[in-house]
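Please look over the sequence and the model shown here before reading the briefing that follows. The points are grouped by topic, so that each can be checked against the coordinates in turn.

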Amino acid sequence: GYTLQEPNLHRACHAHFRGMTRVLQHLWDEGCRRIGYAVRTGDLIRAERLQHAAFLEFHASMKRRPGPLYWLEDDNETAFRAWVEAKRPDAIISADDRLGGWVARLKGEVQFASICLMQGDRNCVGIEQDYAQIAATAVDLVVAQLQRNERGVPASPNLVLIEGRWSDRRTEASAKGRRGSVVQTEGLGAT
């Protein structure tokens, strides 16, 4: 991944820019127009600001101002609720799985989508980062380097991006959005 910066080795990573774009597109297709983004500074830096760049680019491509941004620098649900009340997003995207619970407790019209769905996450939508494929690709990169009898830090490191998968884990009852329709995700291609 992106966490190890030095030495600059071959690496396999999640395609953060495309993952965020897919989440934004799905929310847009569901009718969300004021999409907020909640992020920790550390997560933003660790993913080389790719998700934030996708957030800004998506809104620019739709000729709209970016939705509200919330900096998750503490674990303060009260501050988060105040931000939602002030900014009025109709959807919130985050990698922080606690926000799904916070949003659910709002009991309003706000949807939550994760850019980092974990195995146990239920009743939400978002991107599953394919950790098994990322790990397998990282091993392939090392094996290929050994087979070429290459040692040390590569002169020109390879970066292989692995697509995540869109996942709708809502039950039929919870999938009924503000417009009363169940979101269909089968057959949707990558955006």
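**Strand pairing and the central sheet**

Ala38 stands opposite Tyr70, a residue of strand 3. The model is a predicted one, and the protein in it has seven helices and eight strands. Of its 191 residues, 42% count as buried, and among the contacts with a separation of 6 or more, 67% are between residues 24 or more positions apart.

- Strands of a sheet pair through backbone hydrogen bonds, and they do so in either a parallel or an antiparallel sense.

**Strand 2 and its two partners**

- Strand 2 pairs with strand 3 in the parallel sense over three bridges, and within this pairing Val39 has Trp71 of strand 3 as its bridge partner.
- Strand 2 also runs parallel to strand 4, to which four bridges join it, and here the bridge partner of Tyr37 is Ile93 in strand 4.
- Because five of the five residues of strand 2 are buried, this strand is largely enclosed by the rest of the structure.
- Ile35, Tyr37 and Val39 point one way from strand 2, whereas Gly36 and Ala38 point the other way, and all are buried.

**Strand 5**

- Strand 5 is mostly covered, since seven of its seven residues are buried.
- The pairing of strand 4 with strand 5 is parallel and extends over four bridges, with Phe112 in strand 5 as the bridge partner of Ile92.

**The cavity**

- How many cavities of 30 Å³ or more does a search of the whole structure find? The search finds one, and about 50 Å³ of space lies in this largest cavity.
- The lining of the largest cavity is made up of Tyr37, Ala38, Val39, Arg40, Asp43, Gln51, Leu72, Ser94, Ala95, Asp96 and Ile115.
- Strand 2 (residues 35–39) gives the most to the lining of the largest cavity, with three residues.
- By class, the residues lining the largest cavity divide into six nonpolar, two polar and three charged.

**The second largest pocket**

- The second largest pocket has a volume of about 370 Å³, and 18 residues line it, of which His16, Arg46, Cys116, Gln129 and Tyr131 lie nearest its centre.
- At least two residues of the lining of the second largest pocket come from each of strand 1 (11–14), helix 2 (41–46), strand 5 (111–117) and helix 6 (131–147).
- Strand 1 gives the most to the lining of the second largest pocket, with three residues.
- The lining of the second largest pocket has nine nonpolar, six polar and three charged residues.

**Two loop residues with positive phi**

- Most residues other than glycine have a negative phi, which is the background for the two cases below.
- Lys63 is not a glycine and yet has a positive phi of about 55°, and it is found in the loop between helix 3 (50–61) and strand 3.
- With a relative accessible area of 75%, Lys63 is above the 50% cut-off and therefore counts as exposed.
- Arg88, likewise a residue other than glycine, has a positive phi near 55°, and its place is in the loop between helix 4 (77–87) and strand 4.
- Arg88 has a relative accessible area of 53%, which is over 50%, so this residue too counts as exposed.

Note on methods. Residues are numbered from 1 along each chain as its sequence is written. This is a predicted model: local features need pLDDT of at least 70, side-chain atom pairs count only at pLDDT 80 or more; totals for chains, interfaces and linings use all residues. Side-chain values use heavy atoms; hydrogens and water are left out. On a 1 Å grid over the protein atoms alone, a cavity is a set of points where a 1.4 Å probe fits but cannot get out, and a pocket is an open set with protein on both sides within 12 Å along at least five of seven lines; lining residues have an atom within 4 Å of a point. Grid points are joined across faces, edges and corners, and a volume is the space filled by probe spheres set on the points. Ala, Val, Leu, Ile, Met, Phe, Trp, Tyr, Cys and Pro count as nonpolar, Asp, Glu, Lys and Arg as charged, and the others, Gly among them, as polar. Two strands pair if DSSP finds at least two bridges between them. Buried means under 20% relative accessible area, exposed over 50%, partly exposed in between (1.4 Å probe, protein chains only). Contact means heavy atoms within 4.5 Å.
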